[in-house]
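This note is meant for a reader who is opening the structure for the first time. Please keep the sequence and the model in view while going through the numbered points.

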Amino acid sequence: MADRYQQFTKSPVGKFVVPKLGLPNPATLRRYKPGQPALEGPALLGAAPGGRLEKVIEAQLHRAGIEVVSTATDKHAALVFDATGVKDPKQLREVYSFFHPVIRSVGPSGRVVVLGTPPELAEGHERIAQRALEGFVRAVGKELKRGATAQLVYVAEGAEEATESTLRFLLSSKSAFVSAQVIRVGTETKTASAPADWAKPLDGKVALVTGASRGIGAAIAEVLGRDGAHVVALDIPAQGADLSKVANKVGGSALQLDITAADAPEKLAEYLTTRHGGVDVVVHNAGITRDKTLGNMTEGGWDSVISVNLASQLAVNEKLLSAKVLHENGRIIGVSSIAGIAGNVGQTNYATSKAGVIGMVNVGAPTLAEYGGTINAVAPGFIETKMTAAVPLFIREAGRRLSSLGQGGLPVDVAETIAWYANPASAAVNGNVVRVCGQALLGA
Ligand code: NAD
C-alpha cells in the first residue's frame with residue numbers, strides 16, 4: 001500500500017537525486033491531528049470592492065482562532081479573497097491584483113480560497129465573470145507547490161453566515177487531498193447552526209456507514225466517531241470479524257447486512273428505529289468493482305455493480321425518508337468516484353453506477369432540502385487502499401503522479417470530507433459533489 005517512490009524522495013539519496021533529475025517531488029501533506037491549530041500562520045484576507053462576504057468571513061476566521069491580516073507579509077498560510085463584488089469580466093482584474101503579488105508567499109500545505117456568487121443565481125456580465133473564477137482557481141491549483149491547494153466557494157445571497165464549516169474545512173489540514181474544487185453553499189437550504197463544540201460536532205448523533213469493515217469505510221467510521229457520533233458500522237456477514245473490530249474501536253455498533261437484499265431497507269429502518277431512535281447521518285460507502293471491458297462483461301458483472309453501488313442506496317434512502325427514520329436535518333452522503341466523472345477502461349459498469357450517484361445527489365437535493373436535510377457526495381480519486389494496491393504498477397504510478405499533489409490520498413482524506421458534510425453547521429451545503437483527488441488530471 002505504501003508509496004515507495006514518495007518515501008524514496010524523502011531519503012538522503014532521494015533528496016539529492018530527485019531535484020537533479022527533475023523527477024516529481026510530492027510534498028508531505030499536513031494532516032489533521034486533534035488539537036492542531038486551524039491554520040499554521042496568518043490568513044491574508046482581501047475583497048473586490050462591493051463584496052458582501054469580507055466582514056462575515058473575517059469574524060468566522062477569528063472565531064476559528066485564525067490570525068487574519070489585511071496587509072501582505074512574507075509568508076501566508078492562506079490567501080482568502082471575496083470576489084462577490086466582481087460583477088463584470090473587467091473587474092476580474094481585482095482577482096489578479098490581489099493574488100499576483102502574494103501567490104509565492106503561500107506556505108507548505110497552504111490554502112487559497114476564492115469566494116463568489118453562484119453563477120446560476122446571477123445574470124449577464126456578473127454571471128460570466130463569476131463563472132470565470134472556476135478557470136482561475138483550477139489553474140492556481142496546478143501552479144501551487146508544496147502541498148498547497150486552491151478552492152472556489154460559491155455562496156448564495158443570504159447564506160453568508162452559513163459558510164463557516166466550509167471555510168474551516170478548506171483552510172484546515174482536514175482537506176489535505178481536496179484541491180481545485182467548486183463548492184456551493186446555500187443554493188438549497190439556508191439554515192445552519194454552529195455545533196456547541198467544533199471538536200465534537202456530531203455529539204449525540206447516530207451515523208450509519210455502509211461497507212465499514214475496512215478501507216475507506218473503516219476510516220469514515222473512525223472520523224465520525226472521533227467527531228462524537230455513535231457509528232452503526234454495516235457490512236456483509238462475511239466481513240463480520242473485521243466489522244466488529246471497527247465497531248469496537250469507535251465505540252459503535254456492528255450490523256451485518258447485505259444492502260442489496262430485497263428486505264435490507266426494511267430491516268435497516270427497523271434496526272435504526274428500535275436501537276437508536278432513528279439516524280442522523282447515512283454514508284453510502286459500500287461499493288464493488290467487477291472490471292471487464294464491455295464486450296467481455298457478463299450480465300451478472302453489470303447487475304451486481306449497479307445493485308451495490310447505486311440501486312440499493314436509492315431503496316435505502318426512499319425507505320429512511322418515507323418512514324421518517326432519517327431525522328430532520330439529516331444527512332445522506334454518497335461515495336462516487338472520478339471514474340464516474342471521467343470514465344475508465346474496463347469499468348463501464350462501475351463508471352455508470354458512480355455517475356448515477358451524482359444523479360442521486362442532483363435529484364435528492366431539493367427533496368432533502370424540503371425535509372430539512374442535505375445530500376452530497378465525495379468523488380475520490382486515487383486513494384491508497386487494498387483496492388488500489390492491487391492495480392498493476394505502471395497504472396498505479398500514473399494514478400498517483402498524474403495529479404497536482406503528485407501522490408495518492410489516504411482513506412482519512414475521504415473521511416474528513418464526509419465529516420464536513422455531516423457537520424450540523426454544513427446545513428446549507430447541499431447538492432455538492434466534491435472530488436477528493438489531489439486535482440487528478442483524470443476527468444479534469
Ligand atoms: P473496499 O472493497 O475495501 O470496501 C468496500 C466495502 O463494502 C467492503 O468491506 C465490502 O464488504 C462492502 N460491501 C460490498 N458489498 C456490500 C453489500 N452488498 N452490502 C454491504 N456491504 C458491502 O473498497 P474501498 O477502496 O474502501 O472503497 C470504498 C468506497 O470508495 C467504494 O464505494 C469505492 O467504489 C469508492 N472509491 C474508492 C476509491 C479508491 O481509490 N480506493 C476510489 C474511488 C472510489
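**Notes on the predicted model**

1. The C-alpha centres of domain 1 and domain 2 lie 28 Å apart. Domain 1 covers residues 31-185 and domain 2 covers 206-436, with bounds that come from an automatic or database domain assignment. The model is a predicted one, in which local features need pLDDT of at least 70 and side-chain atom pairs count only at pLDDT 80 or more, while totals for chains, interfaces and linings use all residues. Residues are numbered from 1 along each chain as its sequence is written.

2. To the contact between the domains, domain 1 gives 22 residues and domain 2 gives 19 residues; two residues are in contact if their C-beta atoms, placed from the backbone, lie within 7 Å. On the side of domain 1 that touches domain 2, helix 5 (124-143), helix 6 and strand 6 each supply at least two residues. That side has ten nonpolar, seven polar and five charged residues. Here Ala, Val, Leu, Ile, Met, Phe, Trp, Tyr, Cys and Pro count as nonpolar, Asp, Glu, Lys and Arg as charged, and the others, Gly among them, as polar.

3. Six strands form an open sheet in the order 2-1-3-4-5-6, with parallel pairing. Strand 2 (68-69) and strand 6 (181-185) are the edge strands, each pairing on one side only. Strands (E, at least two residues) and helices (H or I, at least four) are DSSP runs, numbered from the N terminus, and two strands pair if DSSP finds at least two bridges between them. Strand 5 (residues 149-155) pairs with strand 6 over five bridges in the parallel sense, and Val155 stands opposite Val185 in strand 6.

4. Helix 6 (residues 164-171) lies across strand 1, strand 3, strand 4 (106-116), strand 5 and strand 6, and runs at about 155° to strand 4. Such angles run from 0 to 180 degrees between N-to-C directions, and axes are lines fitted to C-alpha atoms, for helices over the stretch in contact.

5. Helix 10 (residues 299-322) and helix 12 (residues 348-371) pack at about 10°, their axes 9 Å apart. The two helices, helix 10 and helix 12, are therefore roughly parallel to each other, a term for angles under 35 degrees. Among the residues in this contact are Trp302 and Leu310 of helix 10 and Tyr350 and Met360 of helix 12. By class, the contact of helix 10 with helix 12 has ten nonpolar, nine polar and one charged.

Technical notes
Angles under 35 degrees count as roughly parallel, over 145 as roughly antiparallel, 65 to 115 as roughly perpendicular and the rest as oblique.
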